[in-house]
Amino acid sequence: MAKTTTAKSPLISKTKRRSQGREVWERLRSRPLAMVSLAGVILLVLVAVFADLIVPYDEAIKQVAKSKLLEPGTSGHILGTDNFGRDIFARIIHGTRTALLIGVTSAASAAVVSTILACVCAMVGGWVENIIMRIIDVISCIPGLVVALAICAALGNGVPQLIFALTFSALPMLTKMIRSQALSVSKMDYVESSIALGGRPAYIMVRHLIPNLASIIIINGTAQVSMSIMMGATLGFIGLGIKAPTPEWGTMLSDGLSYMMRNQYMVLVPGIVLALAALFINTFGDCLRDAFDPQLKGKA
């Protein structure tokens, strides 16, 4: 008997389901606003990574008495100098590294802890969930900025203290949002089947819950980066953020406040950079949320 061969239908190959990551990228790429905000985020990351190559760190902290309060463009200082004679351009560049370090680290830490707490609530439930959520409710009664301010006031100035304060203040909101989705996923048939087959809670969390929570974790984590940068700058502005002379946008705003009438650039430059950074990250987060939303498939 002659051997028969079956050829794959081109229709089947063309209609093969694409991965979620590819679908999200296609939706993002079709939106000019998403591409512009993504370009802004990439620019911030590149500036932070290659800050030392753009301008030496010494230029950001070196105090030169004869170069105090120079206007932008004077003596090779593109954005002028501050009241200590430090180059503002160098401080902006290295302040980008500080801002992203604080924002990304605190947001990532908060996302990890919140995901673990949310998964424990969804899988274990009972008195464990009640204790976790009552503690979260108590913390959420206090504004996040007040919580971060109290922690920084107690622990002192510094990058580790600020990251811990911002991480702790972000836990209530992230935990509640991720928990709501985790409860829905935990009721799915495949999760209940895994439980019936004797799967351990830790295995089910890693194998089923967390992969299905990836979208909400990424979306809320991105939004938290912007919020942490703004809160870090606020704490730096009131003197509870990064220790001087480390370049930091909030501290630069505070330093320039006394000279705002005569040297407006000392406030305008860090203020505009801070606003643009928050705008780029928030806009990209919104576009990312729309791209992940299954109700917008084919409509982006």
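Analyst: Two residues are taken to be in contact when heavy atoms lie within 4.5 Å. The model is a predicted one. By that contact criterion, Thr-115, Cys-119, Val-120, Ala-122 and Met-123 of α6 meet Pro-201, Ile-204, Met-205, Leu-209 and Ile-210 of α11. Sorted by class, this contact of α6 with α11 holds 9 nonpolar residues, 1 polar and no charged. Helix α11 covers residues 201-212, and its axis comes within 11 Å of that of α6, the two crossing at roughly 110°. Angles of 65 to 115 degrees count as roughly perpendicular, so α6 is roughly perpendicular to α11. The crossing of α6 past α11 is right-handed.

Two or more lining residues come from each of α3 (32-49), α6 (88-123) and α14 (265-292). The lining is made up of 11 nonpolar and 2 polar residues, with no charged ones.

Two helix pairs from this lining can be described in turn. For α3 and α6, the axes are 8 Å apart and the packing angle is about 110°. These two helices are therefore roughly perpendicular to each other. From α3, the contact uses Leu-44, Val-45, Val-47, Ala-48 and Val-49; from α6, it uses Ile-93, Thr-96, Arg-97 and Leu-100. Its residues divide into 7 nonpolar, 1 polar and 1 charged.

For α3 and α14, the axes come within 8 Å and cross at roughly 130°. An angle from 65 to 115 would count as roughly perpendicular and one over 145 as roughly antiparallel, so α3 and α14 are classed as oblique to each other. The crossing of α3 past α14 is left-handed. On the α3 side the contact involves Leu-33, Ala-34, Val-36, Ser-37, Leu-38, Gly-40, Val-41 and Leu-44, and on the α14 side Ala-277, Phe-280, Ile-281, Thr-283, Phe-284 and Cys-287. Its composition is 11 nonpolar and 3 polar residues, with no charged ones.

Definitions and conventions. Residues are numbered from 1 along each chain as its sequence is written. This is a predicted model: local features need pLDDT of at least 70, side-chain atom pairs count only at pLDDT 80 or more; totals for chains, interfaces and linings use all residues. Side-chain values use heavy atoms; hydrogens and water are left out. Helices (H or I, at least four residues) and strands (E, at least two) are DSSP runs, numbered from the N terminus. Ala, Val, Leu, Ile, Met, Phe, Trp, Tyr, Cys and Pro count as nonpolar, Asp, Glu, Lys and Arg as charged, and the others, Gly among them, as polar. Axes are lines fitted to C-alpha atoms, for helices over the stretch in contact, and angles run from 0 to 180 degrees between N-to-C directions. Angles under 35 degrees count as roughly parallel, over 145 as roughly antiparallel, 65 to 115 as roughly perpendicular and the rest as oblique. A crossing is left-handed if the near helix is turned anticlockwise from the far one by less than a right angle, and right-handed if clockwise.
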